[in-house]
Amino acid sequence: MRNVGTLLILFGLLAPSACSPTPEVREPLDVGSRRQLLLDESWFDHSEGVDLTLHRPVPRETVIRCERPWEGKSLHYTSVLNDGGRFRMWYRVSIGDPRVDAPEDTVLTCYAESRDGIVWEKPSLGRFEFEGSTDNNILGAPEDFTNVSVLLDPNQEPGSSTRYKMISRVNGISGFVSPDGIRWTPLATNPLLSNGPFDSHNILLWDDERERYVIYLRGIDPSVPGPFKGGRRAIRRSESPDFLHWTEPKLVLTADEQDPPDFHLYTNAAVKYSRAASAFFMFPMILYTDRSYPGAPYPGLSDVRFAYSRDGIRWERTFREPYLTPGPDERNWLDRNPIVGHGLIRTGPGELSLYYSDLYRERESRIRRATLRTDGFVSVDGPYEGWGEFTTRPLLFRGKELELNYKTSGGGAIQVEIRNEQGEALDGFQLEDCLPLVGDRIGGVVQWKSGAGLANLSGSPVRLRVRLRDAGIYAFRFRP
């Protein structure tokens with residue numbers, strides 16, 4: 001193993017550092033000790049030679065198949081959560097001919113569970129009779145449960161009759177509560193929302209920072225010309241302090257001038273990412289109504305896009321490339337393939353899983369898993385040749401160590417300098433003092449040669465100057 005001096009020479013860290021421009025005067029941002037995701041350039045006061053990269057999830061195995069008599073047409077609109085190490089899924093099935101659109105098709109909500117998020121079981125619930133038997137995983141009557149979204153309420157203790165909350169697209173948006181996620185009681189105040197449309201998958205979240213329940217639901221943007229009720233499909237938002245009384249839904253995400261004229265935001269798949277501060281994501285299925293694949297039996301094409309927000313209200317689509325595509329199977333190249341469901345769960349120390357449906361309109365309709373790196377939505381990447389760098393706006397933090405989620409190549413490295421609010425490097429925390437970060441870590445700690453921690457800087461405005469070569473950073477935090 002090379003010593004630190006050899007590494008410093010190898011990576012060129014002892015070379016004179018370039019002078020950054022005079023930093024912009026900005027109000028310090030209080031990041032506390034919570035993890036921060038590097039999603040866009042808003043963190044930067046200065047950057048040079050770095051790029052932002054969106055990381056797409058990797059399709060994995062099929063987890064739910066059409067294999068029971070009541071799973072005859074399609075599987076989609078999943079809602080997945082981690083319940084104390086047990087992964088739980090509620091999903092929609094339709095009974096009918098997969099190649100025929102029929103409004104009279106029976107729509108059922110079924111339930112599955114897993115210990116690892118990969119192998120799923122369909123337990124017999126004994127709650128709904130199908131073809132003379134209750135030996136099935138059907139949650140209940142279709143007139144109660146349609147396109148559901150389930151929340152494990154962090155405000156309720158285990159055993160509480162309202163620990164689980166659900167919304168269902170019945171008579172508008174109706175609410176249900178449950179002690180176990182299986183036995184559900186409708187709210188006396190139903191419907192929660194009645195100002196439609198509500199078709200597709202409406203999503204229920206808890207926003208821990210605003211302390212509000214939130215529903216993201218279908219909307220119409222009449223300002224954008226389109227064939228859907230005088231406009232184009234878009235996404236609305238409503239919130240509630242008590243799950244009973246909800247605000248009038250307001251439009252929060254719609255097509256814009258960069259989008260094709262037949263671009264419809266069909267679903268939203270919204271999540272609040274609990275590992276980081278102020279991180280909301282959507283994985284909307286886009287319906288292109290005026291397109292069709294050669295030989296496809298129905299018009300329309302679809303893919304999945306990526307949107308993010310820091311408050312759940314103002315949404316950005318900085319990255320316009322597809323997040324999930326129909327893939328090489330030609331049977332997926334028609335409308336509503338793929339569709340990401342509700343829920344983003346950790347299935348390993350370095351792995352996140354989301355669940356999506358494909359092969360819609362096929363008898364092999366299925367639910368698949370896709371994975372991405374923990375915190376690995378977007379990275380700030382340095383070049384292969386030479387160095388890139390960025391300097392943050394002033395930050396107020398509480399902690400003793402700086403932790404990064406990062407990845408380098410064998411020839412790459414990362415180096416961090418701590419500066420004061422005026423942009424002057426602090427003694428002992430200059431670039432040449434930093435031990436180079438090399439490797440692939442979800443939570444690697446930055447160290448300086450003196451061994452000094454950051455406790456004495458806690459509560460004072462600082463800037464981070466970060467140099468990268470053939471490396472990427474996904475997130476940072478100041479650890480207590």
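Two strands count as paired here if DSSP finds at least two bridges between them, and a strand is a DSSP run of E, at least two residues long, numbered from the N terminus. This is a predicted model, so local features need pLDDT of at least 70 and side-chain atom pairs count only at pLDDT 80 or more, while totals for chains, interfaces and linings use all residues. Residues are numbered from 1 along each chain as its sequence is written, and side-chain values use heavy atoms, with hydrogens and water left out.

**View A. An open sheet of 4 strands, S14 to S17**. The order is S14-S15-S16-S17, with antiparallel pairing. S14 (203–207) and S17 (250–253) sit at the edges with a single partner strand each, so one side of each has no neighbour in the sheet. On average, neighbouring strands are turned by 40 degrees against each other, direction ignored (axes are lines fitted to C-alpha atoms).

**View B. The S15 and S16 pair**. Here 9 bridges join S15 (residues 212–221) to S16 (residues 232–240), running antiparallel. Look for Val214, which stands opposite Glu239 in S16.

**View C. The largest nonpolar core, with 31 residues**. Such a core is a set of buried (under 20% relative accessible area, 1.4 Å probe, protein chains only) Ala, Val, Leu, Ile, Met, Phe, Trp, Tyr and Cys residues joined through side-chain atoms within 4.5 Å. Leu404, Ile414, Val416 and Ile418 touch the most other members. Strands S30 (395–397), S31 (401–420) and S33 (462–479) each give two or more residues, and S33 supplies the largest share, 8 residues.

Note on methods:
Axes are lines fitted to C-alpha atoms, for helices over the stretch in contact, and angles run from 0 to 180 degrees between N-to-C directions. Buried means under 20% relative accessible area, exposed over 50%, partly exposed in between (1.4 Å probe, protein chains only).
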